[in-house]
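Hi,

Here is the structure I promised to pass on to you. Have a look at it first, and my notes on what turned up follow below.

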Amino acid sequence: MTQRIALKHKKLESWINKMARMCAPDHIVLINGSQKQKTSLEKEASRTGELIRLNQKKMPGCFLHRTAPNDVARTEGLTFICTKKKRTAGPINNWMSPRAAYKKAESIFKDSMKGRTMYVIPFSMGPTGSPFSKIGIELTDSIYVVLNMLIMTRAGEKVLKQLGTRGEFTKCLHGKAERDLAKRLILHFPEDNTIWSVGSGYGGNVLLGKKCLALRIASYMAAKEKWLAEHMLILGIERPGGQIQYLAGAFPSACGKTNLAMIVPPKSILKKGVKVWTVGDDIAWMRVDSDGSLWAINPEKGFFGVLPGTNSKTNPNAMATIKKNTIYTNVLLKPDKTVWWEDGEGKPPKNGIDWLGRKWKSGIRDEDGLPVKGANTNSRFTAPISQCPSASFRSEHHHGVPISAIVFGGRRARLAPLVSESFSWQHGVYLGATLVSERTAAQYGKLGEVRRDPMAMLPFCGYNMADYFTHWLKTGKRMARPPRIFYVNWFRKDSRGNFLWPGFGDNVRILEWILDRCNGKVGAVKTPLGYIPKYGDIDTDGIKIGERKWKELFSIDKKEWALEVGEQKKFFAKFGRRLPKEILKELRAFEERLKS
Ligand code: OXD
Ligand code: MN
């Protein structure tokens, strides 16, 4: 017999009971956010094998989880925006009618929780009670999801209290079901404020507060309520004297956003008294305030970061963050019950258990002669931001932080210069709309192939992207003091394929220039692309960037750019007449500047 739940919020009560009738769990458990309940769930998951308790001396509070081999990344092809009209979802999103989507998913959810427990997680994206925040309720049959949500969001009784008896909430339903690719669906119903995810156990598909609510559903709400929900990091730079200014930055997935959010400046910059404060590494919710500027909060409370390539050289702050209270997903288990991943810390261990649960030895190869990886290439850590040495003291501030600059970051081996500043908000929106990332050897697909990823929101915009561009343009007009918009590219290479810029911690040198520009402290050189720094205006103390390298980093190949503009036109043509005319105006103006 399916259990029922009784709650003061009658709409919430009836929705949970309706979902329970469909999924038929044996038990319903309300997540209250207490340490006691968390400990008992950890025990239960360790008993069933859902989690492996790691070496508690070396890694207190840490666990390992393995997802199914077919379930290791977001499945964009199975992710749908379900609106009454197809044009509301637009030409980029997969679309299904709400009626068809509910029906299809219902048949998979039906009785899928029999013999299991349905957990009810009340969670707040953003500080509980902040006027910026949104509340969601996730129903799930996965303890792994519960424990991750407790790290990633503010969750438990206090959120239910905040919701009161009538508060609005996003209805989030998740079920593992059979974890069969043919029966996996990640469905968003923005018109019903509802998310249904079934058949997956992987983070981005199942931690419904993250990509599903905080980006896809929130971007739809934001357009209606006149704010911005963006795939952006937020960080503060403290200059000598103590002034802190904040930047928000959009980078396509796997372009070093988490590393940048926790950047540790090189010694010569630290010596000057520069400090970096991490507010968020993935999502920014931003609102125009009565002072005419843009204020941002990070709706999340934890990091869900990629592990391979993370070490104390690339991201020392992440390494410090994940020493305790961290959930590791799909990494190698060492004999001493600690963990390892490729390009992590130190030498590979001699042996261990790989992410698939098989015996693993350093140097082993598969039938094709390729090295067998110990950790999945998309293996992850979930850890509280509060454990990050650079965590901002403003994270719990209900009003967030004022944003001085917005940075769009592409990954281009040629073409785009290290940094450029837009001529205006409208030009900046065009730069964001033309954001591009080239595939690397570490990613699936053809090397160098480009993926057009406007504002890094391609897989995350919950409505028609043409309308999203219009919303950006309108938001600019509503601000007396809009942030300045910049475009960066850390990945430019020379003719022999070597990176021209050292990247990592040294990127803070560029952020300093960006703030100097915002503060009217330095001039710049006007180019067809925007303003670029004058040689000598970027602090290069401690690195070797001669005038020749500098020129290469900022060179503009007009012929190649003309080809690029042709590609941009093709991409924009997808939106037809709905594309705001300002975008095409900027494109044409750029074409003219290239010719002159
Ligand atoms: C992420 C992503 O996991 O962008 O943050 O894919
Ligand atoms: Mn992301």
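A polar side-chain atom of Arg380 comes to 3.0 Å from an oxygen atom of ligand 1. Ligand 1 on its own exposes 210 Å², and the protein buries 88% of that (accessible areas are from the Shrake-Rupley method with a 1.4 Å probe, and for residues only the protein chains shown count as cover).

Before going on, some housekeeping: this is a predicted model, in which local features need pLDDT of at least 70 and side-chain atom pairs count only at pLDDT 80 or more, while totals for chains, interfaces and linings use all residues. Residues are numbered from 1 along each chain as its sequence is written, chains are lettered from A and ligands numbered from 1 in the order in which they are written, and side-chain values use heavy atoms, with hydrogens and water left out.

Back to ligand 1. Two further polar contacts (a pair of N or O atoms within 3.5 Å; within protein, one must be able to donate a hydrogen and the other to accept it, and residues adjacent in sequence count only if both atoms are side-chain atoms) involve Lys211, with a polar side-chain atom 2.9 Å from a ligand oxygen, and Asp282, with a side-chain N or O atom 3.3 Å from a ligand oxygen. The residues surrounding the ligand are Arg74, Lys211, His231, Ser253, Asp282, Arg380 and Phe460 (near means that a heavy atom of the residue lies within 4 Å). Sorted by class, this shell has four charged, two polar and one nonpolar residue. The classes put Asp, Glu, Lys and Arg as charged, Ala, Val, Leu, Ile, Met, Phe, Trp, Tyr, Cys and Pro as nonpolar, and the others, Gly among them, as polar.

Which protein atoms are the donors of the manganese ion (ligand 2)? They are NZ of Lys211, NE2 of His231 and OD of Asp282, lying 2.1 to 2.2 Å from the ion. A donor here is an N, O or S atom within 2.8 Å of the metal (3.2 Å for Na, K and Ca), and water is not among the atoms, so sites may look incomplete. Along the sequence the donor residues follow the spacing K-x19-H-x50-D. His231 sits in the loop between β11 (228-230) and β12 (232-238), and Asp282 in the loop between β14 (275-280) and β15 (284-288), so the pair ties together parts that are 51 residues apart in sequence. Helices (H or I, at least four residues) and strands (E, at least two) are DSSP runs, numbered from the N terminus. Both His231 and Asp282 are buried, where buried means under 20% relative accessible area, exposed over 50%, and partly exposed in between (1.4 Å probe, protein chains only).

**The five-stranded sheet**

Arg380 also leads us into a sheet, as strand β23 covers residues 380-384. The sheet is open, with five strands in the order β2-β3-β18-β23-β17 and mixed pairing; two strands pair if DSSP finds at least two bridges between them. At the edges stand β2 (52-53) and β17 (302-306), each with a single partner strand, so one side of each is left without a neighbour in the sheet.

β18 and β23 run antiparallel and are joined by three bridges. Five bridges join β17 to β23, again antiparallel. Thr382 in β23 stands opposite Ile327 and also opposite Phe304, while Gly302 has Pro384 as its bridge partner.

Five of the five residues of β23 are buried, so this strand is largely enclosed by the rest of the structure.

**A few local details**

- Asn330, in the loop between β18 and β19 (332-333), has a positive phi near 60° and is buried at 1% relative accessibility.
- Lys226, in the loop between α8 (209-225) and β11, has a positive phi near 65°.
- Thr321 lies in helix α11 (residues 316-321) and is buried at 0%; its side chain reaches the backbone oxygen of Asn317 at 2.6 Å.

Most residues other than glycine have a negative phi.

Best wishes
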